[in-house]
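Keep the structure open as you read.

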Amino acid sequence: MNVRNCRKCRRLFNYVMGPMYCAQCRQEMEEEFQEVKKYVQEHPGCDIRMVSEACEVDPMQIRQWIKEERLCFSDDSPIGIAC
């Protein structure tokens with residue numbers, strides 16, 4: 001058995017593979033992602049700061065979802081990946 005501490009809540013959990021988050025934190029992060037995705041779709045042209053404040057999500061987490069290509073934006077959006 002491979003037991004690790006969750007990176008978010010620090011609780012012990014049985015680690016199998018993938019990100020080192022417990023099942024509860026993964027579920028919470030997925031719910032946050034869905035909220036951010038809905039906000040971005042309803043507010044084209046918004047920037048990361050606006051999304052972060054409206055959805056109460058850390059801007060670094062939003063940037064991570066962008067890097068993972070989970071969030072898509074319109075071509076004229078000010079949000080993008082810095083090279």
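The protein chain has three helices and two strands; helices (H or I, at least four residues) and strands (E, at least two) are DSSP runs, numbered from the N terminus. This is a predicted model, where local features need pLDDT of at least 70, side-chain atom pairs count only at pLDDT 80 or more, and totals for chains, interfaces and linings use all residues. Residues are numbered from 1 along each chain as its sequence is written, and side-chain values use heavy atoms, with hydrogens and water left out.

Q: In what order do the elements of the protein chain run from the N terminus on?
A: The chain holds two strands and three helices. Read from the N terminus, the order is β-β-α-α-α.

Q: Is Arg7 buried or exposed?
A: Arg7 sits in the loop between β1 (3–5) and β2 (12–14). Buried means under 20% relative accessible area, exposed over 50%, partly exposed in between (1.4 Å probe, protein chains only). The relative accessible area of Arg7 is 54%, so Arg7 is exposed.

Q: Which residues does Arg7 touch, not counting those up to four places away in sequence?
A: Contact means heavy atoms within 4.5 Å. Arg7 and Met20 are 13 residues apart in sequence, yet their C-alpha atoms are 6.0 Å apart. With residues up to four places away left out, Arg7 touches Met20 and Tyr21.

Q: What share of the 83 residues in the protein chain is buried?
A: The cut-off is under 20% relative accessible area. Among the 83 residues, the buried share is 28%.
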